[in-house]
Amino acid sequence: MSDHELRVSKIRDGTVIDHVEGGQALNVLAILGIDGSGGFGVSVGMNVPSDRLGRKDIVKVEDRELSQSEVDVLSLIAPEATINIVRDFEVVEKNRVTRPDGVTGVLSCPNRNCITNAGEPVETRFDVVADGVRCDYCATILRADIADHIDV
């Protein structure tokens, strides 16, 4: 396969999530709620060569554009990702993700004693910090295993 040959075909309309850290594509699909039953065409490239990351994943979702809240959650597990909006086979918008200051209702706190795990009607809130996210209620910090606590 030459360096210029496409491994996955272009999409007509939808979203391409590029520069995802290698091995995270399935977590990206989970965040987006894509399990194959929704009818969206999905292409996934995992651990493909990347000059910037060494190895990267790519996710292409046909006929769907991501909401800002979905992009915010993606930024937690793929801080180097770019979101490309494709219309009629052309990239019409290309943006790098930016990490939000905080996220609400999308992560579960790993601390069993946190109020959010006590059966109370409390929505989780996490501040985004340099090395992960911190629970607003109990100050537990999630670092490398953020994807394991996504609750969308």
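Which strand does Asn47 lie in? Select Asn47 and you land in strand β2, residues 42–50. Strands here are DSSP runs of E, at least two residues long, while helices are H or I runs of at least four, and both are numbered from the N terminus.

Before going further, a note on the model. It is a predicted one, where local features need pLDDT of at least 70 and side-chain atom pairs count only at pLDDT 80 or more, while totals for chains, interfaces and linings use all residues. Residues are numbered from 1 along each chain as its sequence is written, and side-chain values use heavy atoms, with hydrogens and water left out.

**Stop 1: Asn47**

Stay on Asn47 and check its backbone: phi is positive, about 55°, although this residue is not a glycine. Most residues other than glycine have a negative phi. Asn47 is partly exposed, at 41% relative accessible area. On this scale, buried means under 20%, exposed means over 50%, and partly exposed is in between, using a 1.4 Å probe and protein chains only.

**Stop 2: the five-stranded sheet**

Now widen the selection to the sheet around β2. Its five strands form an open sheet in the order β2-β3-β1-β4-β5, with antiparallel pairing. The edges are β2 and β5 (90–96), each of which pairs on one side only. From one strand to the next, the twist averages 20°; axes for such angles are lines fitted to C-alpha atoms (for helices, over the stretch in contact), and angles run from 0 to 180 degrees between N-to-C directions. Two strands count as paired if DSSP finds at least two bridges between them.

Colour β1 (residues 14–21) next. Seven of its eight residues are buried, so β1 is largely enclosed by the rest of the structure. Six bridges link β1 to β3 (residues 54–62) in the antiparallel sense, and five bridges join β1 to β4 (residues 82–87), again antiparallel.

Which residue of β3 is the bridge partner of Ile17? Pick Val59. Turn to β4 and you'll find Ile83 standing opposite Ile17.

**Stop 3**

UniProt positions follow the numbering used here, feature names are shortened, and annotations may be inferred rather than shown by experiment.

**Stop 4: the cysteines**

Select Cys109, Cys114, Cys135 and Cys138, which an unreviewed UniProt entry annotates as "binding site". They are spread over 30 residues of sequence but cluster in space, with a largest C-alpha distance of 8.8 Å.

Zoom in on Cys114, in the loop between β6 and β7. Cys114 is buried, at 2% relative accessible area. Leaving aside neighbours within four places in sequence, Cys114 is in contact (heavy atoms within 4.5 Å) with Cys109, Cys135, Tyr137 and Cys138.

Move across to Cys135 in strand β8. Cys135 is also buried, with a relative accessible area of 2%. With neighbours within four places in sequence left out, the contacts of Cys135 are Cys109, Cys114, Arg125, Phe126 and Thr140.

A disulfide needs a pair of cysteine sulfur atoms within 2.5 Å. Searching the whole structure gives zero disulfides.

**Stop 5: Ala139**

Finish on Ala139, in the loop between β8 (132–135) and β9. Its phi is positive, about 70°, although Ala139 is not a glycine. Is Ala139 buried or partly exposed? With 48% relative accessibility, Ala139 counts as partly exposed.
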